[in-house]
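Hi,

Here is the structure I promised to pass on. My notes on its helix, cavity and pockets follow below.

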Amino acid sequence: MSEVKGLGYVTIEATDIDRWRELAFDVLGFDEGSGPDQETLYLRMDERASRLTVVPSSHDRVTAVGWEVRDQLALAHLRARLEEAGYVVEPMSQEATDARRVEEGFAMTDPGGTPLEFFHGPVLDHSPVLTKHAQKFVTGDQGLGHVVVPSTNFDETYRFYTETLGFLPRGAMRMPVPAEFGVQRIRFLGVNQRHHSLALMPVPEGKDPGLVHIMVEVDQLDAVGRALDEVMKRRFPVSSTLGRHTNDKMISFYVQSPGGWDIEYGTEGSLVDEAFYTSEEITQDSYWGHDWAWARELAEARDAADNA
């Protein structure tokens, strides 16, 4: 089993901080967290000072995917294993750990190019969490939620997470690509009872922002509906309509962030009992709903070409 217990935090850089502020607080209902930089957005979901940190920048990109381990011994064991496997790790400075509000950590880059941080000892804020839709975010022993990241070096990246880090395979879905590209699959990986904390997507070339989407889960369907109403009212792009996924059973919608990647906002995700789980391949992403904007655009382009 992996030393990694859950997805702890994600840090991104963003060019449109005002639009981000509206999306985070007025639409999705994050609470305002705290940190050392007054210009940075600290998005709070629970007793952690910030689960998602948005830093003003001239670029839109992910700068850290933070994975949490139990304690300093687990962190030391993980670091030793990574170095023995030939990976270069960099201890986080006191300034960096203070900014992340953690006791200790180290950084590295995975084989697919995603910047990673491993840490222990998050500093807690025990004041009440106040959310716009009166929702509670589902975190705790399931971590922040999940991330989906692209990889141009897919096979090595998959081995890194499963064989070196000990993430558990939680199924796959074949991608609809032309036959000349061969069979390619999105693979889902877990580290706790959440169905997946990470999914890897093969891509032909790497580019910013380095994220496909982040999923956050709330405790009630009404909060999902209210957030979707705000998305529509405030004219944020809907990447996917409301639907229920086949693998983790999540009822969710997807909204495009100002950085061009998606946030999945959902509820009712299933829990995995590892004693009985066997890996499986889903053949469609949803039982119902999840009408994707890219699929509609592709269909419209094909219809236009056929009628030309």
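**Helix 4**

In helix 4 (residues 154–164), the buried residues are Phe154, Thr157, Tyr158, Phe160, Tyr161, Thr162 and Thr164. Buried means under 20% relative accessible area, with exposed over 50% and partly exposed in between (1.4 Å probe, protein chains only). Helices (H or I, at least four residues) and strands (E, at least two) are DSSP runs, numbered from the N terminus. Just after helix 4 comes Gly166, with a positive phi of about 85°.

**Basis**

This is a predicted model, with local features needing pLDDT of at least 70, side-chain atom pairs counting only at pLDDT 80 or more, and totals for chains, interfaces and linings using all residues. Residues are numbered from 1 along each chain as its sequence is written, and side-chain values use heavy atoms, leaving out hydrogens and water.

**Cavity**

One cavity of 30 Å³ or more turned up. A cavity is a set of points, on a 1 Å grid over the protein atoms alone, where a 1.4 Å probe fits but cannot get out; a pocket is an open set with protein on both sides within 12 Å along at least five of seven lines; lining residues have an atom within 4 Å of a point. Points are joined across faces, edges and corners, and a volume is the space filled by probe spheres set on them.

The largest cavity has a volume of about 40 Å³. Its lining includes His146, Arg194, His195, His196, Glu217 and Asp248. By class, that lining has two nonpolar, six polar and three charged residues. Ala, Val, Leu, Ile, Met, Phe, Trp, Tyr, Cys and Pro count as nonpolar, Asp, Glu, Lys and Arg as charged, and the others, Gly among them, as polar.

**Pockets**

The largest pocket has a volume of about 1400 Å³. It is lined by 50 residues; Ile186, Met201, Val212, Trp292 and Trp294 lie nearest its centre. Helix 6 gives the largest share of this lining, four residues. Elements supplying at least two residues include strand 9 (145–151), strand 11 (185–190) and strand 14 (238–245). The classes are 26 nonpolar, 14 polar and 10 charged.

The second largest pocket holds about 230 Å³ of space. Of its 20 lining residues, Ser50, Thr53, Ala99, Arg100 and Arg101 are closest to the centre. Strand 1 gives the largest share of the lining of this pocket, three residues. Helix 3 (94–100) and strand 8 (115–122) are among the elements that each supply at least two.

Best wishes
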